[in-house]
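Please look over the sequence and the structure shown here before reading on.

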Amino acid sequence: MLGFKHWFNTVVQSSKHRKRHSPLTQHLRYSLRTSIRCERALGSLLGFVIHSFSTKTLRSKMVTSESNSGEILQLFLKIGLDERTAQNAIVNGKVSSNLKDVIREAGVEDGCIKSVGNLLYMVATKYPANALKHRPFLLQYIILSKIKNPNQLEKALSFLSNIGPESLEVDDFEESCGIGVEVSVGDIKAAVDEVVNGNMEAILAQRYRINAGNLYGQVRKLQPWADARVVKEIMDAKLHELLGEKTAADEEKPVKKKKEKPPKVEDKVIDASNSACAPALVDTNPFLIFPEPGENIQVHTEIFFSDGSVLRPHNTKEKLEKHLKVTGGKVFTRFPPEPNGYLHIGHAKAMFVSFGLAKERNGYCYLRFDDTNPEAEKMEYIDHIQDIVNWMGWGPFKITYSSDYFQELYDLAVELIKRGHAYVDHQTPEEVKEYREKKLDSPWRNRPIVESLMLFEEMRRGMVDEGKATLRMKQDMQSDNYNMYDLIAYRIKFTPHPHAGDKWCIYPSYDYTHCIVDSLENITHSLCTLEFETRRASYYWLLECLDLYLPYVWEYSRLNMSNTVMSKRKLNRLVTEKLVDGWDDPRLLTLAGLRRRGVSSEAINTFIRGVGITRSDNSMIRVDRLEHVIREEMNNLAPRTMVVLHPLKVVLTNLEASAAMELDAKIWPDAQEGDAASFYKVCISNQVHRSYIWR
C-alpha cells in the first residue's frame, strides 16, 4: 500500500498544473482514500487485538507467577519458617531453588516441625557445592533428629566440604558432628558453674550488664553438643541466683566512652634509621587473602553449559594429597612473561604479587617464559627479563620455559583427542571468527577420533601447509562465555623457535599451554590480571578433561596509570618507529626506562605495595603518586651537600682568633637527634676562608 501511495502522489504532483484532474486521477484518489480508511480501521482493530492479547497474556503470566509464589510461600511456611524469612527466600532465586530441592529430597512437602525446618533452611543456604552427592545423606540425619542443632549442622557441613565428592566414612562423619552424644542437664550445669566461677569478678562488677553471649559461648566450648536453649536457661538462672533481682542501676544503659583521637602525624616519632625502607603508604600484609595449599579442595568455579549441565571443577582428596606430597605443602607461584618486549611498571605489580606471596609464605616462585609464539620472541627480551627480575630484588626458584614442556603438551593433546575433547579443523581464521559470532559448530567438529589423530600426526610431521589446519578443543559453541567457543589448541608455524630450535612446526596456544604447565609445575596459586577472568572456565575445563591437578586461580586488577603508555604493543610501535630512544627511554614507564632515570627498585616495590592487590579494575593511579614515593625515598637516602660557589671572607668579631668550634649539620632533613650517622661536623673559626667548602 505504501508503494502504491508513493506512485499515486507522484502522479498527482505531475498533474498539479492542471486546473481539473482527469477522471482516471479522480478515480485513483477515491480508491486510495477508501484503501487508506480500510488500512487505518484494520490497523486499529489489529492493535486492539494485539493489546488485548498482550494484556491477557501478561495478566495470565502475573496470575501464574503470583500463584506459583503463593504455592512456594505455603511450602516454606509448612516447614516452620516465619513469613519474613520465607518471603526473603522467594526473592532470592538461588536460595528458593535450593530450598525447594532440599524439601523434596528430605520428603517433607507436607511439613515438619520448626526446628527441623530451620536446619533445612540452613542446608539450603550454606551447603558446600562440591559435596552435593552427600546432601540426601545429611538430610536423613536431620529428619531422624540425629542432627538436632545448628552447631552440629555447622560441623557436618564443614566435614562434607573437606571431603567433597569423595566417599565418606560414616563413623568419622558422626564423630565430627557429635551424633549420639547426649549432654545431660547435669553436664550443662557443671559447665555453667565452671564458666561463672572463671568470670566471677567481672560478673560481680558488671552484674546484668555483662556480655551474656560471651558466657554462653564459653559454655558451648566446654559442651559443644549441648542444647543452646537449655544452656541459656541454666545460665540465666545461675546469674539470678548469684545477683538477685535486677535493680534500676542494672537497667541503665552503660555510658559510651568517647573514642580517643589518634595522635597527629607531626606528633609521631619516626625512626630515621628505618625510614629509608619504610613504605610511603599504608603497610599492611596484602597476601592474607590467599588460602593455604592444603585448602585447595573447594569448587573453583561453576561452568554452565548450553545443554543445562553444570561442571564444578575441584581437586579430589587423592589428587590434592599427591600434589602436597610433591610440594611438601609449600606455596608455588609463577611469573610468566611473554618474551616479546621489555617489562613495564605493570609487570612490577605482577612480580610483586607472585614473588611476594611465595616469599611471604616461605615458598617458591618460578620465572617461566611463555614462549609459545616463536615469531615475536627474541633472546634480547629473554636476557632483559632475567636482568630486570634480579634488579627488582626477586630471586626465582627456577627459570623455565613453556617450550620445555612441548613434548608433554603434545602427548596430552593426543590424549585429549582420544577422549573426544579435541578435533582437527580446516576453517580459515575468517571462517572461525564468523562461526563464533554466529555460535555455529565447525563442519569438522564431529569428525571421527581416528581421523583427527591421523591428521594431527601429519601436522606434527610438517605434511600440512601453514594455515590449512588447527587443533581445536571441543568445548561449547552455544555457551554464554566467548572463551568456551572451541578455542584453538595447536596451529602450524614453519618458524624456528628461539629456545626449542627447529624440532617443532606446530605450536600450542596460550589457552592450551598456560593451565597445563601450571599443573605440571605443581603451581599452588595461579595469579593473573582481571582480563583473564573469563578464561577461568576454559582453564578448569581443560584440566578436568585431562584429569590433572587444579591450581587455585585468582585475578587481580591490572595497574592503570595516567600520563603514560602501558600497552606492550604500543610501546613496541614507539620503539620500532624510533619515536623514543629505545625501550629504556627515561620518558617511558618501562622498568629499564625507570632504572635509566635513576629510580630504585625499592621505590617501585614500595609504590606497588602501597597501591595494593584488589579486584577493582576501574581505578586509575595518578603518575604523581609514583613520583611522591620516589621523592620520599630520595629524601631519606640522598645526602645533602652545601657548597659556597662565590665565597667572601667573613671575620667573626665576637669570636677569638684562637677559638674554634664544631657544629653538627644534618645529612638528611629528617635526621633524629642521637643518630650520629645522620650528622657531620662543621668546623667554625673566626674567619671563613674563600677556599673553604661546606659539605
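## Leucine 594

Leucine 594 has its place in helix 24, which covers residues 591–597. The model described here is predicted. In this model leucine 594 has a relative accessible area of 0%, so leucine 594 counts as buried.

Apart from neighbours within four places in sequence, leucine 594 is in contact with Ile345, Leu588, Leu589, Val599 and Ile604. Histidine 344 and leucine 594 are 250 residues apart in sequence, yet the C-alpha to C-alpha distance between them is 8.9 Å.

## The largest pocket

The largest pocket holds about 1100 Å³ of space. Its lining consists of 39 residues, and Pro336, Glu338, Tyr510, Glu531 and Phe532 are the ones nearest the centre of the pocket. By type, the lining residues divide into 14 nonpolar, 12 polar and 13 charged.

Helix 16 gives the most, with five residues.

## Cysteines and disulfides

A disulfide is a covalent bond between the sulfur atoms of two cysteines. How many disulfides does a search of the whole structure find? The search finds zero.

Cysteine 177 is buried because its relative accessibility is 0%. Cysteine 365, with a relative accessible area of 3%, is also buried, since buried means under 20%.

Notes. Residues are numbered from 1 along each chain as its sequence is written. This is a predicted model: local features need pLDDT of at least 70, side-chain atom pairs count only at pLDDT 80 or more; totals for chains, interfaces and linings use all residues. Side-chain values use heavy atoms; hydrogens and water are left out. On a 1 Å grid over the protein atoms alone, a cavity is a set of points where a 1.4 Å probe fits but cannot get out, and a pocket is an open set with protein on both sides within 12 Å along at least five of seven lines; lining residues have an atom within 4 Å of a point. Grid points are joined across faces, edges and corners, and a volume is the space filled by probe spheres set on the points. Helices (H or I, at least four residues) and strands (E, at least two) are DSSP runs, numbered from the N terminus. Ala, Val, Leu, Ile, Met, Phe, Trp, Tyr, Cys and Pro count as nonpolar, Asp, Glu, Lys and Arg as charged, and the others, Gly among them, as polar. Buried means under 20% relative accessible area, exposed over 50%, partly exposed in between (1.4 Å probe, protein chains only). Contact means heavy atoms within 4.5 Å. A disulfide is a pair of cysteine sulfur atoms within 2.5 Å.
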